[in-house]
Amino acid sequence: MTGIAGVGAYVPRLFLPAEAYREAWDKGGAAGVERVAVADADEDTLTMGTEAGRRALSAADIDAGAVSHLAFATTTPPADEEEAVVRLASLLGVPANATMQQYGGGTRAGAVALAAARDATGPTVVVVADNPAGAPESDQAAGAGAGSAALVLTDDGPLTVDAVGEYSDPSPGTRFRRRGSTETESIGITQYERDAYTSTVGGAVDALDADISDVDAAALTAPDGKLPYRAARTLGVSTATIASGTVVSKTGDTGAAGPFLGLASALDDGAESVLLVGYGGGAGATALSLSAASDVPVDAVFDGDVELSYAEALRRRGTITGEEPEGGGAYVSVPTWAQTIPQRHRLVAGRCRDCGALSFPPEGACFECGFLDGYDETRLPGTGTVEAATVIGQGGAPPEFVEQQQRSGAFPVAVVALDGPDGDASDDSVSIPAQVAHTPAETPDIGDRVEAVPRRIYEQEGVVRYGFKVVPTEARR
Amino acid sequence: MMRSFPPVSGRTYIAGDTQATIMRDAYIVGAGQSSYGAFPDESYRSLFATAFEEALDSAGGIAPGDVDEAVIGSLGVGGRQLGLSGPAVTEHVGLHGVPSSRIENACAASGYAVRQAVQAVKSGMTDVALAGGYEVMTDMSGDVAKYWLGVSGETEWERLTGTTFSGVYAQMASAYIDEYDASPDHFSKVAVKNHANGAKNPKAHLGFECSLEDAQNAPVVADPLNLYHCCPTSDGAATVIVASEDVASTCDEAVRVAGVGAASERVGLFQRDSYTSIRSSEQAASQAYEMAGLGPDDIDFAEVHDCFAIAELLAYEDLGFCERGEAPRLLDEGITDLDGDLPVNPSGGLKSKGHPIGATGAGQVVEAFKQLTGHADDRQISDANVGLTHNVGGSGGAAVVHVLEGGVL
């Protein structure tokens, strides 16, 4: 029977304490939220989903090349229309002929994707990521977090989905986003919204037709830090059970990813049975009961370690910054960029057919022997050593990076000797330039070890260019 | 101690006097430049005309109608006349019908233009060639300028880490400080020296003196480089008239082009074998010395490409003025000061005189011509017989070196 063989989770390292919002607006903010995770300017649901997906594959010890089905669930894809799942597959290394499906439309999306994945054959990856936003003064903005989780399902994965229950009932206005808007809203009628949540979640659990009173943890979609607890009595579980599957107080509202981060956290704490309920405004819910035959490997980071001020958080989110200036000069076309996607997404280097030296990108004459004999592709592990470095201050960046600087400030850049396929810092390396995605922006020391991470590089003509940056290994969580 | 150069493989020059038996000599017979600075009332054409007129005045004996070839360097910042940049300026100054072409090699554009003019004369196809360059960089908003300042870096990878040249040279500086006994104070000493020289040059963009404290305490641009370790962006033009020996012998002044060298390097820093030297500079110097039958010991002064202060330190070593890692000592001991044993950048260099990209290489030759003909006024170096100019494109993707000899005709 298909089961979950590995779980990954990723929460950005930047966070905003709830107190900072309260001070800025002189009002309460989001109920039950102590702090919210903030995606950096170069992070979005695709990069966060890649982080979680890579961790899940690593935890499950499954090669991405063997994956036959990939599902991506998010209410906040990088573009309203475009199959983000395709670039997620490329970033993860999932083959082009795998089945790919993208789920959205509400914060239930992840649970729907997992319910569907039960029927998939072959190694399956379900990635759930969200990065909701709200109008700056709203409770939604006060509670908006960011995060992602991923599950790898295999034929013999230890954590099985034992039952699925669904329930829907029209409750318009409970959680919605207008067409073309980036801001999630609700109508703001407290009791109406609570009732919609409780009755829909309760209905889905009823439809499970399973006894869930003894589960170790209940992981529910958490629009704020209180609603999951309000459902405890209806579900017949204790608030302690809810707490075991709820991370919203530390991450904020992570939309569709919320119950999956809760699941990852519960499994990380040793839970053997979990109730997962995805709830989407409107309103509908999908409940899944899961039980583990043995320990489920989890590779997760839940806690941020860089605190932001309220103004810094607004900058990082792009709430108060401008866009790339108009101009001319240097330009990399989308097709030109697309030619380098294997390098930018998966660090595909080349080994010279004449002398065996590594080349990145693998094109043109070999820098070692000078011959044009071509290259055999080889994938680099992404670890490396700093060879030269500086920090680019405000005003010193090319225009493609003006918006990023407005949002995230100065950034370090380095020349990095990337390790060869064997992953050690031996002579088999190839040098590449890379931005260092690190706060604070300090110049790395020559000799520092770094690791590649997926990031947005820049956006031009409405098209986000994804690639890699590096982070100091010592700061890698 | 000067560095010794290995033999240049792949091409052979016959040194000194016997060279003329293969290719005839070329001479600089006139050179002039506009002021460098920010000139909202000037155009690239008017700046070029100013430089051309000064070159003609200095040439004494050359008339515009004598020019039979023109090579013009420009990066094309702002895109103002990206196509037909050569004819646009040569027709403007009345060189009607003269074949004129633009050469683009980033900041080494007009250094290469001079080299091309020298080749034209030495080959025998041309008796009088005009080489020059121009750039207008200050007439656009900071946002628009950003698009142009990074166009010569490696675009697809290096630029898209978010670097422009200050960042790339800062990375070289970080590697240099890591490898050798150097500190940012040495970069500040380059600024102090070059500003002291530029203050004596009425055509300098930033013609003021600065103290070591000023240079040390300037705002950081890209660690470890601060504002005083970076050259300005400037408007300006420079022109050089290159002629055959027959023509030169009829002119008031003539400086012999004793050696020319040029080389390319991989455009991106990350693609190179060394981050603490510029191989193209080293190769260009080696060729120029060999062609001239001279070595670094024979150089009386040099105009080197100090776009960032670290670049001047690298130039000392790449050009053989000292061993690797010894550039800081040259600065500490004042050897490259105007009154030192080997003055470097008597004009003020890119740092103080300014850096109108396409004009810079030709402008260096203008300064060398003035020094070698005794017309450098307050900054005149006594007994200057052999000068060297060193012009680098980008972070080293192109380099060109000229060794020029005065008092020979």
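Helices (H or I, at least four residues) and strands (E, at least two) are taken here as DSSP runs, numbered from the N terminus. The model is a predicted one, in which local features need pLDDT of at least 70 and side-chain atom pairs count only at pLDDT 80 or more, while totals for chains, interfaces and linings use all residues. Residues are numbered from 1 along each chain as its sequence is written, and chains are lettered from A, with ligands numbered from 1, in the order in which they are written.

On this basis, chain A has 15 helices and 23 strands. Its radius of gyration is 22 Å, close to the 23 Å that the globule rule gives for 477 residues, so chain A is as compact as a globular protein of that length; the radius is taken over C-alpha atoms, and the rule is 2.2 Å times the number of residues to the power 0.38. Along the principal axes, the C-alpha atoms of chain A fill a box of roughly 70 × 50 × 35 Å. Of the 477 residues, 55% count as buried (20 or more other C-beta atoms within 10 Å of a residue's own; exposed means 12 or fewer, partly exposed lies in between, and C-beta atoms are placed from the backbone). Two residues are in contact if their C-beta atoms, placed from the backbone, lie within 7 Å. Among contacts in chain A between residues at least 6 apart in sequence, 75% join residues at least 24 apart.

The domain assignment, automatic or from a database, divides chain A into domain 1 (3-317) and domain 2 (334-475). The C-alpha centres of these two domains lie 31 Å apart. Their contact takes 18 residues from domain 1 of chain A and 15 residues from domain 2 of chain A. On the domain 1 side, helix 2 (45-60), helix 3 (84-92) and helix 12 (310-317) of chain A each give two or more residues, and helix 2 gives the most, with four. By class, this side of domain 1 has six nonpolar, four polar and eight charged residues (Ala, Val, Leu, Ile, Met, Phe, Trp, Tyr, Cys and Pro count as nonpolar, Asp, Glu, Lys and Arg as charged, and the others, Gly among them, as polar).

Turning to the chain interface, 33 residues of chain A are in contact with 35 residues of chain B. Strand 19 (383-392), strand 20 (411-419) and strand 21 (429-435) of chain A each supply at least two residues of the chain A side, with strand 19 giving the most, six residues. The classes on the side of chain A that touches chain B are 20 nonpolar, 11 polar and two charged residues.

An open sheet of three strands in chain A has the order 17-16-18, with antiparallel pairing (two strands pair if DSSP finds at least two bridges between them). Strand 17 (358-359) and strand 18 (375-379) of chain A stand at the edges with a single partner strand each, so one side of each is left without a neighbour in the sheet. Two bridges join strand 16 (residues 348-352) of chain A to the antiparallel strand 17 of chain A, where A:Leu358 is the bridge partner of A:Arg351.

In chain B, helix 1 (residues 44-59) has 16 residues and reaches 22 Å from its first C-alpha to its last, close to the 22 Å expected at 1.5 Å a residue (1.5 Å times one less than its number of residues). Its buried residues include B:Leu47, B:Phe48, B:Phe52 and B:Glu54. Strand 1 (26-33), helix 2 (85-92), strand 4 (128-135) and strand 7 (236-244) of chain B are among the elements that cover the buried residues of helix 1.
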